[in-house]
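Hi everyone, thanks for coming.

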Protein chains: 2
Amino acid sequence: MSDQPLKVALLGCGVVGSQVARLLDEHADDMAARVGAPLTLVGALVRDASKPRDGVRDELLVTDPEVLWERSPDIVVELMGGIEPARTLLLEAMARGASVVTANKALLAQDGAALHDAAAEHHVDLAFEASVAGAIPLLRPLKESLAGDRVLRVLGIVNGTTNYILTRMDEAGADYADALREAQELGYAEADPTADVEGHDAAAKAAILAGLAFHSRVTLDDVACQGISGVTASDVEAARAMGHVIKLLAVAESTDGGTAIGVRVNPAMVPRTHPLASVREAFNAVFVEAEAAGDLMFYGRGAGGAPTASAVLGDLVALARNRVLGARDPGESTYAALPISDPGRATARHYLSIDVDDRAGVLARVASCFAEHGVSIETLRQDGRGDDAVLVVVTHAAAGDDISATVAALRGVDAVRDVPTVMQVIGD
Amino acid sequence: MSDQPLKVALLGCGVVGSQVARLLDEHADDMAARVGAPLTLVGALVRDASKPRDGVRDELLVTDPEVLWERSPDIVVELMGGIEPARTLLLEAMARGASVVTANKALLAQDGAALHDAAAEHHVDLAFEASVAGAIPLLRPLKESLAGDRVLRVLGIVNGTTNYILTRMDEAGADYADALREAQELGYAEADPTADVEGHDAAAKAAILAGLAFHSRVTLDDVACQGISGVTASDVEAARAMGHVIKLLAVAESTDGGTAIGVRVNPAMVPRTHPLASVREAFNAVFVEAEAAGDLMFYGRGAGGAPTASAVLGDLVALARNRVLGARDPGESTYAALPISDPGRATARHYLSIDVDDRAGVLARVASCFAEHGVSIETLRQDGRGDDAVLVVVTHAAAGDDISATVAALRGVDAVRDVPTVMQVIGD
């Protein structure tokens, strides 16, 4: 055990930052034993130093980054979020020789390359476990435990807000607007819920997961994104009738025989027997399909001060131990450098409900729309009669573009009144 | 990238070993990129070199360990199982400077200290992800990702054989003997199923998990162990009536205000809403309750050649990369050195069904047996009337010894005909 403490600085000291400070204090002996040296908090950069923060002594609060740098932190923990000034501050911290822990998914997904390059250039560590699925140990296992395997697909429920809304729609029969309002009242959704419900938050996490799983650089712009604001109570009911539940999934998958990556966020129907179906309310889970390991799932809390702080501190201990041992984390792995495949060519089974006039020959005309676009039908069922007639179709795996073209063709058929639900379906 | 290959030797080349050899070959380019140097298999120690092994060239098969040592392996992968000769061979490998990957839970649980001490003495790595819950990345996350948190309790379904049997008893209403026979026919259970059904296999894994979670040395002898051979169809039915399912759990928990460790294996009733309840058939899962992170679960395949090989290769890549970088894994963490608490004082909610004569005053006499032993009743319900009268009791958390004393007292009550089911109940 070294007596020389390792100096930790926080950038940002809100809900997560104050939990990090509290745990650094309460678990100080345990962490010192695990690191091989004590950890000491030397400062926290905040906008308003006059506002007291739980568990952080006033003299540690600074508003000027220069004051923080003068205290020579060994490890800088960034919990501000957003692109700037987080980006500039982290680059500065690394240039000054500090290792960096960040939970900033937006920055990593938009400009992770700049951070990784700086870490390599300055021979420091960059860790970001807390950026995806909060408390769940996920990124380190993906990087390290599966290093001898090949990941085929990652399916993640990585946004607690949308999972809460979809759970309420499924379990209480709520419609989207009511479920969103309830999530807002409970503090699970923000007043402006756009980033969550339109899938942007999940898309940033999808980019990070895809990069790690497939050893390539993937950015937010690579992610095809569709949120849940278009999911209706009748979509949810349709999924239920088929023994499925709708989840917003972040999907990263090997495509084109392993030569490319597909990465997207969209709502999908998941069979109730699938482990992801039982992930309720604001919990997160990431399901990994690997060549040798088979199916794996990692489950836990995706947000919240203490859970996120747990992930931050795990990284902090690892990076601090590296400092003590003169070691470094493996660093970014992008040797595969795979391109992103065309999202329209991504294949999946699809569910379609088609409102039709119940008359002779309709089925044949509907079926021919599928056939003409090369979409193979797995099951077709007619529900109701007369004005309520609905054809429920589940396709074999088909490209999204072919499904779109099929739907356009269906809408041109006289006897087709509407195609209210079109959604991907995950296999068992 | 170094051109100098790292030399890998296998001890044992059965189902898992031949999968390791296959994946080393098929994923050679990926692994070389991830390690920073190629990995080359230099030999596999087997009992019978004349028996061909899939994916391993004949000239690599050796029966004399000296021949293997002469090839100077950098990393030795032990997949023989059992105590000897595995123990002697691993100590020899480390003395010769090789890092070691092992899946040998029995050896780790019985004499892990000897292995850890040898690794420290010879400055080599010892990794054993595959020893618990097969393919599931679990030990590295426990050691590393939760290093800044405090684990409160670990609940594991870590034996696929017993989980298959209990799943069949629950879902098909099979009795124990039939479910065991079915498991044997499918190859999930061995001809002599003792090690699985009596909980010995799970107990070894419980010891390993407890040691990692609580930074202490824990051995097989520390684990209080009860298997599933006494679980009856009526126990399963009783659990079902209460909305629960019976699982064989490996439990490691912080006791006595964090100053001791409780570690045991026993069947327990789990609420169907708990994530562990949905772990079916031969799958494994480990549920971790941590102070800051909250509830986490790790799910996947617990056995099988390819899944186990995936975990072995993850360790192999990590240790090989350490060799390339001149680094080492953190090593054993036993700073807490916590004692094992008395298993009879371990507290849990308990379910009891009590067959009684349906007459006045019985309830009061039964209740007084609980009260006299300091066991507080959470719910009490009478099912049936007359000769079929059964009192169903769920207690608040109570020590196992107090429950046993209560049951002995109940059996001494005239009006009590039998106490057919006594089982721990996990909270939501």
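This is a predicted model: local features need pLDDT of at least 70, side-chain atom pairs count only at pLDDT 80 or more; totals for chains, interfaces and linings use all residues.

Residues are numbered from 1 along each chain as its sequence is written, chains are lettered from A and ligands numbered from 1 in the order in which they are written, and side-chain values use heavy atoms, with hydrogens and water left out.

So, the interface. How many residues of chain B are in contact with chain A? There are 45, and they touch 45 residues of chain A, where contact means heavy atoms within 4.5 Å. Between them the two chains bury about 4100 Å², with 54% of that on carbon and sulfur atoms. Buried area here is the accessible area (1.4 Å probe) that two parts lose on being put together, summed over both. Arg34(B), Tyr299(B) and Tyr335(B) supply 15% of what chain B buries against chain A, more than any other three residues.

Let's look at a strand pair. Strand S12 (residues 294-301) of chain A and S12(B) run antiparallel to each other over three bridges; two strands pair if DSSP finds at least two bridges between them. Strands are DSSP runs of E with at least two residues, and helices are runs of H or I with at least four, numbered from the N terminus. Tyr299(A) has Met297(B) as its bridge partner in S12(B).

The rule also finds two salt bridges across the interface. A salt bridge is a side-chain nitrogen of Lys or Arg within 4 Å of a carboxyl oxygen of Asp or Glu. Asp30(A) and Arg150(B) meet in a salt bridge, N to O at 3.1 Å.

Now let's step back to the whole model, where the count comes to 60 salt bridges over all chains. In chain A, Glu59(A) and Arg57(A) form one at 3.0 Å, and both residues are exposed. Exposed means over 50% relative accessible area, buried under 20%, and partly exposed in between (1.4 Å probe, protein chains only). Also in chain A, a network of salt bridges links Arg140(A), Glu144(A), Asp315(A) and Asp329(A).

Over in chain B, which parts does the salt bridge of Arg385(B) and Asp358(B) tie together? The closest N and O atoms of this pair are 3.0 Å apart. Arg385(B) sits in the loop between strand S14 (377-383) and strand S15 (390-395), and Asp358(B) in the loop between strand S13 (347-356) and helix H13 (362-372), so the pair joins parts 27 residues apart in sequence. Arg385(B) is exposed at 64%, whereas Asp358(B) is partly exposed at 30%.

Last stop: Ser131(B), in the loop between strand S6 (126-127) and helix H6 (139-145) of chain B. Is Ser131(B) buried or exposed? Ser131(B) counts as buried, because its relative accessibility is 2%. Its side chain reaches the backbone oxygen of Phe128(B) at 2.7 Å. Leaving aside neighbours within four places in sequence, Ser131(B) is in contact with several residues, among them Thr102(B), Leu108(B), Leu139(B) and Ile208(B).

Key:
A polar contact is a pair of N or O atoms within 3.5 Å; within protein, one must be able to donate a hydrogen and the other to accept it, and residues adjacent in sequence count only if both atoms are side-chain atoms.
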